[in-house]
Amino acid sequence: MTRSTHPNKDIEKALRHAEDQGWRIKESTGRGHAWGSLYCPYNDVECRCGEFCITSVWSTPKSPDNHARQLRRVVDNCTTRRQQPPNTDSE
């Protein structure tokens, strides 16, 4: 099942970046401020104590640009991902 797109284009770009890095996105089904959640693909004990393994995606943040940057920062600073060797598929 495919997810719906986020109403803000900057946040949607950040979500696509997260998906490209293996993060799973789950949309919220209930009411509230959260549009959904990002789930780390590693979610292990050493991954910053699990503090950033789940991140909320807001539906209407005060500053969408800042929220999109924050989501990218969480994905890019994943400690487990940073410890893996870079992908060198140069065939």
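## Buried cysteines

A residue is termed buried when its relative accessible area is under 20%. In this predicted model, Cys53 has a relative accessible area of 2% and is therefore buried. Cys40 also counts as buried, because its relative accessibility is 8%.

The structure holds 0 disulfides. A disulfide is a covalent bond between the sulfur atoms of two cysteines.

## Thr55 in strand 3

Thr55 lies in strand 3, which spans residues 54-58. With a relative accessibility of 10%, Thr55 counts as buried.

Leaving aside residues up to four places away in sequence, Thr55 touches Gly36, Ser37 and Leu38, together with Leu71 and Val74.

## Arg3 and its surroundings

Arg3 belongs to the segment before helix 1, a helix covering residues 9-20. The side chain of Arg3 forms a polar contact with the side chain of Glu12 at 2.9 Å. A further polar contact, at 2.8 Å, joins the side chain of Arg3 to that of Glu19.

Glu12 and Glu19 are among the residues that Arg3 touches when those up to four places away in sequence are not counted.

Key:
Residues numbered from 1 in each chain as written. Predicted model: local features only at pLDDT ≥ 70, side-chain atom pairs only at ≥ 80, totals over all residues. Heavy atoms only, no water. Helix = DSSP H or I, 4+ residues; strand = E, 2+ residues; numbered from the N terminus. Contact = heavy atoms within 4.5 Å. Polar contact = N/O pair within 3.5 Å; in protein donor to acceptor, adjacent residues only side chain to side chain. Buried < 20%, exposed > 50% of the residue type's maximum accessible area, 1.4 Å probe, protein only. Disulfide = S-S within 2.5 Å.
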